[in-house]
Amino acid sequence: MACSTNGVWKETGGVVTEKAPKVLFVGVDGLRGDGVPNVDTPNFDVVLGDSAWTFGASTQLAAKTVSGPGWTSMLTGVDADKHGIVDNGGWLSIERGYPTLIGRSHDVGLRTATAINWLPIQGFIVEPDTIDT
């Protein structure tokens, strides 16, 4: 799931200001987006309330249905035949001509952060030195 908000409105001393827009990318390995609406997700519901989002995003079609090509496709926006990761491994063959969402965000001056359990995402897929916290 990718979620982009229009910002957070805040009133201080009678003056309404807008904070910078935020992007939250949530991915759960093995969870199809169409399964999420079938369960109670009150915290996600709050986040999604004033956001642009989708549960219908797909990953890739050119490689095995395993984590390496799937996560690389989700983060770069291109299929395995372009980014070069076709299995769980072969990280040195990643085509860096297709930057990740995190890399692009960092390159335009946005602050980036991750909370990742599968280390190859942060260790190989996401570009070095693009995660701020």
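**Entry 1, helix α2.** I started with α2 and found nine of its 10 residues buried, so this helix is largely enclosed by the rest of the structure. I am working from a predicted model. I listed the buried positions of α2 as Ser67, Gly68, Pro69, Gly70, Trp71, Thr72, Ser73, Leu75 and Thr76. I then looked up what covers them, and the cover includes β4 (23-25), α3, α4 (101-107) and α5 (119-125). Past the end of the helix I checked glycine 77, which follows α2 and has a positive phi, near 85 degrees.

I noted an average pLDDT of 84 for the protein chain, with 85% of the residues scoring at least 70. Which elements have the lowest and the highest mean pLDDT? I found strand β1 (residues 2-5) lowest at 48 and helix α3 (residues 80-83) highest at 96. Where pLDDT is low, the predicted coordinates should not be read in detail.

I located threonine 59 in the loop between β5 (51-54) and α2 (67-76). Is threonine 59 buried or partly exposed? I read a relative accessible area of 38% for threonine 59, so this residue counts as partly exposed. Leaving out residues up to four places away in sequence, I found that threonine 59 touches Gly70, Ser73 and Met74.

I placed threonine 100 in the loop between α3 and α4. Its relative accessibility is 0%, so I count threonine 100 as buried. Which residues does threonine 100 contact, leaving aside neighbours within four places in sequence? I found Leu75, Thr76, Ile125, Val126 and Glu127. With glutamate 127, I noted a polar contact of 2.6 Å between the two side chains.

I found threonine 130 in the segment after α5. With a relative accessible area of 6%, threonine 130 is buried. What does the side chain of threonine 130 reach? I traced it to the backbone oxygen of glutamate 127, at 2.8 Å. Not counting residues up to four places away in sequence, threonine 130 touches Ile102, Gly103, His106 and Thr112.

Conventions. Residues numbered from 1 in each chain as written. Predicted model: local features only at pLDDT ≥ 70, side-chain atom pairs only at ≥ 80, totals over all residues. Heavy atoms only, no water. pLDDT = per-residue confidence, 0-100. Helix = DSSP H or I, 4+ residues; strand = E, 2+ residues; numbered from the N terminus. Buried < 20%, exposed > 50% of the residue type's maximum accessible area, 1.4 Å probe, protein only. Contact = heavy atoms within 4.5 Å. Polar contact = N/O pair within 3.5 Å; in protein donor to acceptor, adjacent residues only side chain to side chain.
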